[in-house]
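Here is my note on the model, point by point. Please read it with the structure open.

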Amino acid sequence: MKFLVPILIIIPAIEITLLLTVSSKIGILPTFFLILATGILGAYLAKKQGVKTLQRASQQMNSGQVPGDAIVDGLCILIGGLLLLTPGFFTDTTGFLLLIPTTRKSIKPTVMKLFQRLFQNRSRFTIIR
């Protein structure tokens, strides 16, 4: 919770700064269409990656495996898709990094550590690797 307030202040400030800077360089209308295009592309990529991840999780469960890696992928895809639907260049960049499999692979260990710390004191959750 202590990180939520700074994030809610810092990220919008970064977004506003970037939007103003880009719109002053390329114009308001191109900036608007760029934001619109990233949202549409992000929704498409999130759907495509999400379907692949669901299929992989289903295959793993059918073969008796725990789909832990697929669940983390799905979480990253969900967050990435939501970030891409949020207008702004900083959130779009972060969202694309979470949607692209090669960059997501390098981000997943950090996400796993974050969840381990988050659920560390909760006895009803078990993190399986």
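**Salt bridges and packing**

1. At 45% relative accessibility, Asp69 counts as partly exposed, because that label covers values between buried (under 20% relative accessible area) and exposed (over 50%), with a 1.4 Å probe and protein chains only. The model is predicted: local features need pLDDT of at least 70, side-chain atom pairs count only at pLDDT 80 or more, and totals for chains, interfaces and linings use all residues. Residues are numbered from 1 along each chain as its sequence is written, and side-chain values use heavy atoms, with hydrogens and water left out.

2. How many salt bridges are there? The count is five, where a salt bridge is a side-chain nitrogen of Lys or Arg within 4 Å of a carboxyl oxygen of Asp or Glu. One of them joins the side chains of Arg56 and Asp69, at 3.6 Å from N to O. This pair links distant parts of the chain: Arg56 sits in helix α2 and Asp69 in helix α3, 13 residues apart. Helices are DSSP runs (H or I, at least four residues), numbered from the N terminus.

3. Arg56 also meets Asp73 in a salt bridge, at 2.6 Å from N to O. Again distant parts of the chain are linked: Arg56 is in helix α2, Asp73 in helix α3, and 17 residues separate them. Arg56 is partly exposed, with a relative accessible area of 28%. Asp73 is buried, at 5%.

4. Asp73 forms a further salt bridge, with Lys108, the closest N and O atoms being 3.2 Å apart. Here helix α3, which holds Asp73, is linked to helix α5, which holds Lys108; the two residues are 35 apart and the pair links distant parts of the chain. Is Lys108 buried or exposed? Lys108 is buried, with a relative accessible area of 11%.

5. Look at what surrounds Lys108. Not counting residues up to four places away in sequence, Lys108 touches Asp69, Val72, Asp73 and Cys76, contact meaning heavy atoms within 4.5 Å. Arg56, Asp69, Asp73, Arg104 and Lys108 are linked in a network of salt bridges.

6. Next, helix α4 (residues 89-99). Its buried residues are Phe89, Thr91, Asp92, Gly95, Phe96, Leu98 and Leu99. What covers them includes α1, α2 (28-62), α3 (68-85) and α5 (101-118).

7. Which residues make the nonpolar surface patch? Val5, Ile9, Ile10, Ile14, Leu18 and Phe90 do, over about 500 Å². Patches are made of residues with over 30% relative accessible area and no salt bridge; like charges are joined within 9 Å, and nonpolar side chains (Val, Leu, Ile, Met, Phe, Trp, Tyr) within 5 Å. Helix α1 (residues 4-26) gives the most to the patch, with five residues. Ile10 lies in helix α1 and counts as partly exposed, at 47% relative accessibility.

8. One aromatic pair is counted. Phe32 and Phe33 form this edge-to-face pair, 5.4 Å centre to centre with 70° between the planes. Rings of Phe, Tyr and Trp (its six-membered ring) pair if their centres lie within 6.5 Å; planes under 30 degrees apart count as stacked, over 60 as edge-to-face and the rest as tilted. Phe32 is partly exposed, with a relative accessible area of 47%. Phe33 is partly exposed as well, at 46%.

Notes. Accessible areas come from the Shrake-Rupley method with a 1.4 Å probe; for residues, only the protein chains shown count as cover.
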